[in-house]
Amino acid sequence: MQRLLFICLLLGLPLSAHAETVFVIDQVEAGLYQGKTADSPILKLLPTGTALDVLQRDGERVQVRDPEGARGWIDNRYLMPTKPTRQLLNESEAARLELQRELEQLQASSNGGNAVRLNDEIAALKQALASAREQAAAEPDTKTTATRAVPDTMAGVILHKRTLWLLLASLLLLGIGIGAWCIDYLNRRRHGGFRV
């Protein structure tokens, strides 16, 4: 294994293509040292959750490369194979807040758009009904008195049906949106904040 590593270093082949990724443990800033020993100079402090590419392992010391390209050695005690729980929790909370904001925007746009449309339709129907009543009142014929109730009733039925259908469609879309958000939230909660 050491011979293969030496040959790869001599040939200049990148070993990072198959590098594993580890993270700095929670609630600490770990020192990235220039050499393997703790006496060597510290290159920089790495905050919790920093993703590092493992280049080489030597007992309890690990040679790593940070996202900015700095290479150095770090004690294995400060590393873990998964993201810290606090970082996962923060990412999950940010994703939840984003989904909640999107849901509120969808609710506002669907309710606002339908309400404007419904108000326009109601105003148009009321105007048509008022003009029909004025025409009927201007005609002194007794036959129209019996038929006047029919247009009023028909306009009410049409208005009622349109309003009902628009309300049902809005509720259906709202229900689908809330259901999708709930399913996503429960799945992410079950799987540690990740979408599966």
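What pattern does the protein follow when read along the sequence? The answer is α-β-β-β-β-β-β-β-α-α-α. Keep in mind as you explore that this is a predicted model. Here is a short tour, topic by topic.

**Overall build**
- The protein has 4 helices and 7 strands.
- Of the 196 residues in the protein, 20% are buried.

- Across the protein, the mean pLDDT is 76, and 72% of the residues reach 70 or more.
- Confidence is highest in strand β5 (residues 61-65), with a mean of 92.
- At the other end of the scale, helix α3 (residues 143-147) has the lowest confidence, with a mean of 45.
- Over residues 142-150, pLDDT stays under 50, and the model has 5 contacts beyond four places in sequence for them.
- Where pLDDT is low, the predicted coordinates should not be read in detail.

**A closer look at Thr50**
- You can find Thr50 in the loop between β3 (42-46) and β4 (51-58).
- Is Thr50 buried or exposed? Thr50 counts as buried because its relative accessibility is 13%, and the cut-off for buried is under 20%.
- The side chain of Thr50 also reaches the backbone oxygen of Pro47, at 2.7 Å.

How values were computed. Residues are numbered from 1 along each chain as its sequence is written. This is a predicted model: local features need pLDDT of at least 70, side-chain atom pairs count only at pLDDT 80 or more; totals for chains, interfaces and linings use all residues. Side-chain values use heavy atoms; hydrogens and water are left out. pLDDT is the predictor's confidence in each residue, from 0 to 100. Helices (H or I, at least four residues) and strands (E, at least two) are DSSP runs, numbered from the N terminus. Contact means heavy atoms within 4.5 Å. Buried means under 20% relative accessible area, exposed over 50%, partly exposed in between (1.4 Å probe, protein chains only). A polar contact is a pair of N or O atoms within 3.5 Å; within protein, one must be able to donate a hydrogen and the other to accept it, and residues adjacent in sequence count only if both atoms are side-chain atoms.
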